[in-house]
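Please work through the exercises below with the structure open beside you.

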Amino acid sequence: MIITSAQALQLLEANKKGLKEAEISLDLNKTISKIKIQNDEFIFPDNQKLDKSQLKKPVKDDTSCFLIMDSSLAKLQLFSDETNKFYKLVPTKDAPTIEISGIRMHVTKEMSPMEDTNKKIAAISPIKGFILDTCMGLGYTAIAASKYADFVMTCERDGNVIEVAKHNPWSIELFNNKKISIMKTDVFDEIKIFKSSMFDAIIHDPPRLSLASELYSLDFYRQLFRVLKNKGKLYHYTGSPGSKNRKVNLAGDVSKRLGQAGFRNIQKAHYGITAAKQ
Ligand SMILES: C[S@@+](CC[C@H](N)C(=O)[O-])C[C@H]1O[C@@H](n2cnc3c(N)ncnc32)[C@H](O)[C@@H]1O
């Protein structure tokens, strides 16, 4: 069970009105649950209890998700000594995003992560057959592709991200949908052992260039081209079209390298580029 500032405010409001029950979401707006209110205490469906003072923390912090555990609240975040990175689930108006050391892994300003995901998928629709999702993250692209595809293979090199995804109600399908296989691996290395012409389409949604330059390299693009079937399509996220740094034309550089790797029909698409193997 997870709450954010929105649900904490709803509970306090219901208590203020003297209501004996409140209906709020405990899974980041996927479903609604009933919470009993007795003597300034909130009783959750599994009998865990929170009091008014415990809700002050989420009310003040609208960029965190809070797990209800042992009748107390714990922020859904972790620091890894191994990667020296900080991982945090951040609520939005629909599905949450994950922040890795302060950098959000989905578009959240101009649109919600779900709208962003749907546009990425639409850029290479119709999706069918066997799909490679290079960078799993919270798995939204993999889950969305699985609605149309026969099978989706999704790679994630960071076990901490997988751990956060396990707590995210919007990522559940990653772990229970038989059409999705998670490979805890570095896609840059793993792709070299994939068979040629294996995938009908590829979704390449890497972190920004400065965090994963190898995933923007000609070597890697040659591998993407090799594992894609003839007539197969690629969607490659490159980031904001109106980049602040005008000296760097990332979309242009990526398009050039994709062409060198053999891709054709290279076009601008939602926050990125689409290309095909012809
Ligand atoms: C922008 S996020 C992907 C978002 C994802 N498509 C979704 O729908 O939630 C990028 C992810 O790629 C992972 N990553 C970075 N380098 C990688 C690599 N070489 N192999 C596999 N995953 C990698 C990061 O840990 C991060 O979780």
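**Exercise 1. Find how far apart the centres of domain 1 and domain 2 are.**

Taken over C-alpha atoms, the centres of domain 1 and domain 2 are separated by 36 Å. To place them, note that domain 1 covers 2–75 and domain 2 covers 107–276, with bounds that come from an automatic or database domain assignment. As for where they touch, 6 residues of domain 1 are in contact (heavy atoms within 4.5 Å) with 4 residues of domain 2. The C-alpha atoms of the whole chain fill a box of roughly 70 × 40 × 35 Å along the principal axes.

This is a predicted model, in which local features need pLDDT of at least 70 and side-chain atom pairs count only at pLDDT 80 or more, while totals for chains, interfaces and linings use all residues. Residues are numbered from 1 along each chain as its sequence is written, and side-chain values use heavy atoms, with hydrogens and water left out.

**Exercise 2. Describe the open sheet formed by 4 strands, and the helix that packs on it.**

Begin with the order, which is β2-β3-β4-β5 with antiparallel pairing; here strands are DSSP runs of E with at least two residues, helices are runs of H or I with at least four, both numbered from the N terminus, and two strands pair if DSSP finds at least two bridges between them. Next come the edges, β2 (21–24) and β5 (49–51), each of which pairs on one side only. From one strand to the next, the twist averages 30 degrees, where axes are lines fitted to C-alpha atoms, for helices over the stretch in contact, and angles run from 0 to 180 degrees between N-to-C directions.

**Exercise 3. Identify what supplies the largest nonpolar core.**

A nonpolar core is a set of buried Ala, Val, Leu, Ile, Met, Phe, Trp, Tyr and Cys residues joined through side-chain atoms within 4.5 Å; buried means under 20% relative accessible area, exposed over 50%, and partly exposed in between, with a 1.4 Å probe and protein chains only. The largest such core has 38 residues, and among those with the most contacts inside it are Leu89, Leu138 and Leu174. Several elements supply at least two residues each, including β9 (85–90), α3 (113–122) and β16 (228–237), while α4 gives the most, with 5 residues. Leaving aside neighbours within four places in sequence, Leu138 is in contact with residues including Leu89, Ile98, Val164 and Leu174.

**Exercise 4. Classify the aromatic pairs Phe194 with Phe199 and Phe225 with Phe263.**

Rings of Phe, Tyr and Trp (its six-membered ring) pair if their centres lie within 6.5 Å; planes under 30 degrees apart count as stacked, over 60 as edge-to-face and the rest as tilted. For Phe194 and Phe199, the centres are 5.7 Å apart and the planes stand at 65 degrees, so this pair is edge-to-face, and both residues are buried. The pair of Phe225 and Phe263 is also edge-to-face, at 5.2 Å centre to centre and 80 degrees between the planes. Phe225 lies in helix α8 (residues 218–227) and Phe263 in the loop between α9 (250–261) and β17 (264–269), 38 residues apart.
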